[in-house]
Amino acid sequence: MTETFDVLAQRVAGGGVVVLSGAGLSTESGIPDYRGPSGVARRHTPMTYQTFTRDPLARRRYWARSHLGWRLMARAEPNDGHRAVARLQRGGLVDAVITQNVDGLHTAAGSPSVVELHGRLDEVACLGCGNRTSREELDRRLREANPGFDARVAAVNPDGDVDLDDADVAGFRVVDCTFCGGGMLKPDVVFFGETVPAPRVAHCFDLVERARLLLVLGSSLTVMSGRRFVLRAAKRGIPVVIVNQGVTRGDGYAALTVDAPLGRVLPALADRTLGAPPPGSRPGSGAGPVPAGVAAPA
């Protein structure tokens with residue numbers, strides 16, 4: 001099947017779209033993904049829930065790395081792709097966004113309805129009492145507990161931490177919950193080996209089953225956490241369209257796949273289906289012509 005921008009636009013123009021987004025949508029904001037063109041899967045092993053909760057040394061290493069990584073994540077801004085998705089929502093074509101990302105960039109871009117499947121890095125939960133606080137508050141406490149801690153950081157990983165030598169981690173002090181007086185703190189995100197809360201999954205299934213079209217953006221669909229929604233859509237006869245750089249594990253279920261940069265395709269898609277934004281609107285809110293490499297049919 002010929003992959004064309006016109007076909008993509010025709011599919012989305014019908015409305016009733018639910019977006020499933022992955023790390024590939026945030027790479028242009030400076031946050032790498034695991035398996036795409038900027039992927040770090042081969043050199044980075046993400047923290048598991050079991051290791052985090054059972055190994056104090058691993059937990060200290062995680063918080064040292066995440067403390068520095070958070071400074072970089074907090075500075076990340078929505079890119080043209082995020083803003084285009086928000087335009088499609090406000091224009092009535094996209095009903096909801098289900099994101100596998102934990103960076104909060106969909107909300108920052110102005111998307112009015114986002115289900116953050118794996119939680120958000122800017123929130124912290126106590127595993128003892130359940131109290132939640134902001135990451136800014138934890139950052140302040142960690143700075144106070146570790147004055148002068150400023151190891152050199154080359155790049156942030158997709159889950160918000162950075163690579164550090166063991167020597168840089170030695171002596172880092174972890175802080176506990178102040179609300180209950182000692183509970184273990186954890187970013188309010190779903191670690192590997194941890195399950196997504198059942199009500200959240202059920203809500204996402206409901207969104208998918210009521211959709212006219214499931215539009216996958218920037219996800220390799222390697223893990224079942226996201227792929228299950230593609231499988232559910234296919235089972236219900238709901239068309240699936242995938243826009244991603246590289247192949248995905250959902251390609252066999254897709255009515256259309258487009259291999260192209262999201263930061264170029266999505267603004268052009270919003271322009272084609274909603275009309276170009278007015279003069280003077282925020283830069284990046286429109287992309288003009290059809291992106292190179294996504295040919296329109298003759």
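The model is predicted, so local features need pLDDT of at least 70 and side-chain atom pairs count only at pLDDT 80 or more, while totals for chains, interfaces and linings use all residues. Residues are numbered from 1 along each chain as its sequence is written, and side-chain values use heavy atoms, without hydrogens and water.

The protein chain contains 10 helices and nine strands. These are DSSP runs, numbered from the N terminus (helices: H or I, at least four residues; strands: E, at least two). Of its 298 residues, 52% count as buried. Buried means under 20% relative accessible area, exposed over 50% and partly exposed in between, with a 1.4 Å probe and protein chains only. Contact means heavy atoms within 4.5 Å. Among contacts with a separation of 6 or more, 72% join residues 24 or more positions apart.

Helices α3 (residues 56–74) and α6 (residues 135–145) have axes that come within 11 Å and cross at roughly 120 degrees. Axes are lines fitted to C-alpha atoms, for helices over the stretch in contact, and angles run from 0 to 180 degrees between N-to-C directions. The crossing is left-handed, meaning that the near helix is turned anticlockwise from the far one by less than a right angle.

From α3, W63, S66, H67, W70 and R71 take part in the contact; from α6, R135, E136, L138, D139, L142 and R143 do. These residues divide into four nonpolar, two polar and five charged. Ala, Val, Leu, Ile, Met, Phe, Trp, Tyr, Cys and Pro count as nonpolar, Asp, Glu, Lys and Arg as charged, and the others, Gly among them, as polar.

In α6, the buried residues are R135, L138, D139, R141, L142 and A145. They cover an arc of only 165 degrees around the axis, which puts them on the same side of α6. The arc is that of the directions from the helix axis to the C-beta atoms. Their cover includes α3, β4 (119–126), β5 (132–134) and β6 (185–189).

N146 lies in the loop between α6 and α7 (166–169). N146 is buried, at 7% relative accessible area. Leaving aside neighbours within four places in sequence, N146 contacts G171, F172 and R173.

L221 sits in the loop between β7 (213–217) and α9 (224–235). L221 has a positive phi of about 55 degrees, although it is not a glycine. L221 is buried, with a relative accessible area of 1%.
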